[in-house]
Amino acid sequence: MPAPIRLRELIRTIRTARTQAEEREMIQKECAAIRSSFREEDNTYRCRNVAKLLYMHMLGYPAHFGQLECLKLIASQKFTDKRIGYLGAMLLLDERQDVHLLMTNCIKNDLNHSTQYVQGLALCTLGCMGSSEMCRDLAGEVEKLLKTSNSYLRKKAALCAVHVIRKVPELMEMFLPATKNLLNEKNHGVLHTSVVLLTEMCERSPDMLAHFRKLVPQLVRILKNLIMSGYSPEHDVSGISDPFLQVRILRLLRILGRNDDDSSEAMNDILAQVATNTETSKNVGNAILYETVLTIMDIKSESGLRVLAINILGRFLLNNDKNIRYVALTSLLKTVQTDHNAVQRHRSTIVDCLKDLDVSIKRRAMELSFALVNGNNIRGMMKELLYFLDSCEPEFKADCASGIFLAAEKYAPSKRWHIDTIMRVLTTAGSYVRDDAVPNLIQLITNSVEMHAYTVQRLYKAILGDYSQQPLVQVAAWCIGEYGDLLISGQCEEEEPIQVTEDEVLDILESVLISNMSASVTRGYSLTAIMKLSTRFTCTVNRIKKVVSIYGSSIDVELQQRAVEYNALFKKYDHMRSALLERMPVMEKVTTNGPTEIVQTNGETEPAPLETKPPPSGPQPSSQANDLLDLLGGNDITPVIPTVPTSKPASAGGELLDLLGDINLTGAPTAAPAPASAPQISQPPFLLDGLSSQPLFNDITTGIPSITAYNKNGLKIEFTFERSNTNPSVTVITIQASNSTELDMTDFVFQAAVPKTFQLQLLSPSSSVVPAFNTGTITQVIKVLNPQKQQLRMRIKLTYNHKGSAMQDLAEVNNFPPQSWQ
Amino acid sequence: MIQAILVFNNHGKPRLVRFYQRFPEEIQQQIVRETFHLVLKRDDNICNFLEGGSLIGGSDYKLIYRHYATLYFVFCVDSSESELGILDLIQVFVETLDKCFENVCELDLIFHMDKVHYILQEVVMGGMVLETNMNEIVAQIEAQNRLEKSEGGLSAAPARAVSAVKNINLPEMPRSINIGDLNIKVPNLSQLV
């Protein structure tokens with residue numbers, strides 16, 4: 001068997017291959033040779049073969065058959081063998097193969113080897129790919145080496161310890177004693193890795209963090225020495241003494257100083273010193289400055305220092321080096337939340353960065369610009385952002401468009417401006433606008449009543465030439481359908497009215513319907529719009545009828561359904577047509593539920609906003625619950641108000657938290673949204689067991705005194721109690737609200753929250769008006785489940801309108817009689 | 001933490017591939033290819049930071065690269081590393097290679113892949129920076145190389161011995177040498193040739 005070729009030969013041969021196929025052939029031949037050589041158990045050439053195998057592995061060819069050979073090499077006595085064997089183990093093996101456990105013994109022996117380089121190899125391998133079992137076995141050895149005086153081994157042991165801690169966090173305490181002297185080292189390599197080890201420990205465990213805070217003075221001293229000491233050739237990088245160590249120490253200081261006043265104070269001086277003394281002409285200086293800035297922003301530094309930091313970042317922004325600018329933008333993004341005003345000062349520079357050639361910088365600048373938009377600078381910023389939207393790469397357009405919409409919504413100075421901005425976005429980046437933007441826009445347009453004529457005119461003009469951008473066409477179609485009468489009336493206050501005939505409008509809508517570029521959804525919009533125009537247009541009703549009937553046999557099921565139903569409207573239900581296709585009312589902005597389903601309605605059902613039934617008091621359901629949550633945040637009480645354990649966890653938060661829970665146990669139909677009614681079956685059985693089969697008041701434990709839970713401002717709420725005999729953990733409370741003032745209280749809403757150990761269910765109230773002069777009451781039933789028989793406590797929140805103003809009150813009810821919960 | 005270190009040339013051929021987190025082989029190659037394409041698109045006066053491709057990890061990871069002559073040095077790091085610091089680290093690594101190989105060029109990396117790995121091992125261990133002092137690293141590498149050489153090196157001493165014997169011109173070998181009382185039988189060396 002001829003001796004296997006050397007690595008160099010192999011590489012040379014492979015490089016002569018001219019095609020991929022040739023290369024593959026050579027490699028396969030060599031692999032076969034290597035495999036037979038392995039089979040022969042040849043000790044002398046094994047290292048050479050494994051080296052070749054690793055080369056082929058790097059090129060992408062399979063090399064797993066060499067794994068065992070690596071182990072054999074590790075077990076050998078020669079340093080050469082060990083070296084290549086460990087390298088092979090690190091490249092080819094991982095903890096998923098069982099083979100790697102065989103290494104444990106070898107590594108253990110090598111950790112105690114007489115040659116430091118062998119020990120180094122073992123530490124390196126363990127630190128790279130040691131599994132948790134290996135780490136557990138060998139942690140003791142590593143800890144021993146952490147205390148050795150040999151700096152070469154000490155630094156490796158420190159990093160190996162980091163890996164062990166990552167794999168087996170419980171072993172962290174084991175390394176604690178060894179860390180005592182780590183910072184006393186002179187050798188920078190050991191210092192560096194020790195700081196890494198300390199950083200890792202502090203990040204993982206708050207106890208360690210507290211323990212290591214006492215090291216802050218020492219760290220500050222080391223940093224000071226680094227800065228002050230003169231030129232030291234071995235650690236010098238472009239004139240700065242060991243910048244890597246400086247950066248590491250700054251990072252550790254950041255972690256130690258976070259949220260801690262004393263440490264932060266101890267660091268203030270040195271940070272100021274570093275910030276002012278570091279030379280910024282080279283990248284190393286900037287790296288240190290950058291780290292300093294991050295540290296200053298993160299700890300509890302004094303305001304002067306913070307201003308200094310932001311100014312440094314501002315200077316970075318003007319630097320020629322792209323990397324520095326990128327890094328500055330990233331950190332400004334992080335600080336804009338906390339130090340908004342300071343960052344605002346650099347707004348113009350940031351906006352200039354939008355025009356940079358570099359994609360990464362542009363993205364950062366865009367995000368930062370959106371964060372900086374406020375009421376004062378909205379007009380200027382929007383101009384820049386719209387210009388950016390025009391010229392930026394496609395990957396940005398969607399994000400930019402969404403950002404612009406959000407900013408416009410929050411800070412629009414006038415409705416006209418808002419609509420203009422939206423139009424501009426739709427026309428420039430129409431196809432990149434996200435789908436959920438369309439309903440939001442439609443709602444916005446509906447709400448700006450005086451702009452309807454202007455809006456529909458502009459939209460009409462926009463799609464006249466080009467109807468390929470789907471979101472634009474959808475919005476336009478909807479608007480034309482709604483406000484078509486305004487369009488043909490030729491009246492418009494805001495701009496020059498255009499003369500459009502009914503036929504022209506129908507032309508454009510029909511072309512959208514026919515066009516290949518229109519998505520199915522867009523066609524739906526279009527058809528509905530045409531239908532709506534049948535009540536708004538006078539002369540073209542027959543044409544509309546024809547169009548609608550054609551689509552009654554469309555292949556698209558959605559269109560077909562719509563067309564058929566609209567046809568029915570024309571024929572059988574013609575008397576209802578005008579009422580159904582009336583102008584939409586101004587919609588409530590239901591922010592919690594995201595976009596309400598406005599347009600996917602059939603012609604007959606009511607406009608969707610009524611379906612979601614915003615609570616009568618006006619504010620959104622989730623904000624009500626949030627208020628309660630805020631109240632109860634401190635204590636252990638959580639508002640457990642599962643009126644329905646919804647089987648649809650993804651449903652909009654508003655419905656889940658709707659405290660006026662529409663579930664009626666007796667199964668009466670409610671007006672609640674569909675998902676709420678479905679899980680009646682899946683209600684907690686214990687609540688049902690006691691109560692569903694029997695009428696509510698049969699098993700009453702009489703004699704529980706009722707209490708007045710609330711009595712203020714003329715509103716009195718009484719609680720009466722019933723206990724169920726069949727289920728002793730359930731208490732049924734009937735509340736009665738009465739009003740002794742001379743004016744009615746309207747839109748009355750009662751909400752309740754109980755501690756975590758209870759469960760609460762609110763049934764529908766009898767009404768929402770509490771009549772004056774105690775002439776009537778509102779009754780509502782609350783069921784409380786108290787399995788642990790704990791003392792009943794409740795917090796209640798009342799909202800109502802009285803004497804023309806909205807009132808709101810919170811109260812705690814603690815005077816529950818013991819019979820109600822024992 | 002550094003997740004991967006890749007070195008490849010202007011055509012995408014890998015010269016050094018080191019992952020500090022486990023990926024199956026096909027994914028590794030895919031990552032190399034994807035990284036190459038991402039980096040190739042970059043102009044030379046653009047910043048050296050790239051938000052990484054989809055394969056190599058979530059949004060926390062960045063690619064930091066530097067272009068030296070025909071080679072790209074790419075470090076894939078997460079947010080715990082300072083970006084500017086890594087740029088300096090790449091510089092230190094390349095300068096160390098320069099010191100070890102005397103004016104390093106791509107060919108050196110090609111033919112001495114194992115040595116490059118050993119040098120890298122002294123700089124980065126387990127995804128974390130171990131040593132940044134160039135002289136220190138070079139000294140340690142040279143000590144280990146000496147140790148290896150004393151054992152005969154990777155090529156293994158027998159090879160040299162064999163070739164040495166091959167080159168001995170032995171036109172005729174006496175089969176036995178008789179010197180006085182001594183009778184030495186000369187073994188047949190032809191098997192070794």
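## Ground rules

Since we're looking at a predicted model, local features need pLDDT of at least 70 and side-chain atom pairs count only at pLDDT 80 or more, while totals for chains, interfaces and linings use all residues. Residues are numbered from 1 along each chain as its sequence is written, chains are lettered from A and ligands numbered from 1 in the order in which they are written, and side-chain values use heavy atoms, with hydrogens and water left out.

## Where A meets B

Chain A puts 69 residues into the contact and chain B puts in 65 residues (contact means heavy atoms within 4.5 Å). Together they bury about 6200 Å², with carbon and sulfur atoms giving 58% of that; buried area here is the accessible area (1.4 Å probe) that two parts lose on being put together, summed over both. On chain A's side, A:M58, A:R83 and A:F244 supply 12% of the area buried against chain B, more than any other three residues.

## Charges and polar pairs across the contact

One pairs A:K156 with B:E122, with the closest N and O atoms 3.3 Å apart. Another is A:E23 with B:K13, at 3.5 Å between the closest N and O atoms. A:E23 sits in helix α2 (residues 20-39) of chain A and B:K13 in the loop between β1 (2-9) and β2 (14-19) of chain B, so this pair joins two chains. Helices (H or I, at least four residues) and strands (E, at least two) are DSSP runs, numbered from the N terminus.

There are also 14 residue pairs in polar contact between the two chains (both at pLDDT 80 or more). A polar contact is a pair of N or O atoms within 3.5 Å; within protein, one must be able to donate a hydrogen and the other to accept it, and residues adjacent in sequence count only if both atoms are side-chain atoms. The side of chain A that touches chain B divides into 34 nonpolar, 14 polar and 21 charged residues. Ala, Val, Leu, Ile, Met, Phe, Trp, Tyr, Cys and Pro count as nonpolar, Asp, Glu, Lys and Arg as charged, and the others, Gly among them, as polar.

## The second largest cavityThe second largest cavity has a volume of about 130 Å³ (on a 1 Å grid, a cavity is a set of points where a 1.4 Å probe fits but cannot get out; lining residues have an atom within 4 Å of a point). Its lining includes A:F244 and B:L89, and α13(A) gives the largest share, four residues.

## Around A:D420

A:D420 lies in helix α23 (residues 415-429) of chain A. A polar contact of 2.4 Å joins its side chain to that of A:Y454.

Notes:
A salt bridge is a side-chain nitrogen of Lys or Arg within 4 Å of a carboxyl oxygen of Asp or Glu. On a 1 Å grid over the protein atoms alone, a cavity is a set of points where a 1.4 Å probe fits but cannot get out, and a pocket is an open set with protein on both sides within 12 Å along at least five of seven lines; lining residues have an atom within 4 Å of a point. Grid points are joined across faces, edges and corners, and a volume is the space filled by probe spheres set on the points.
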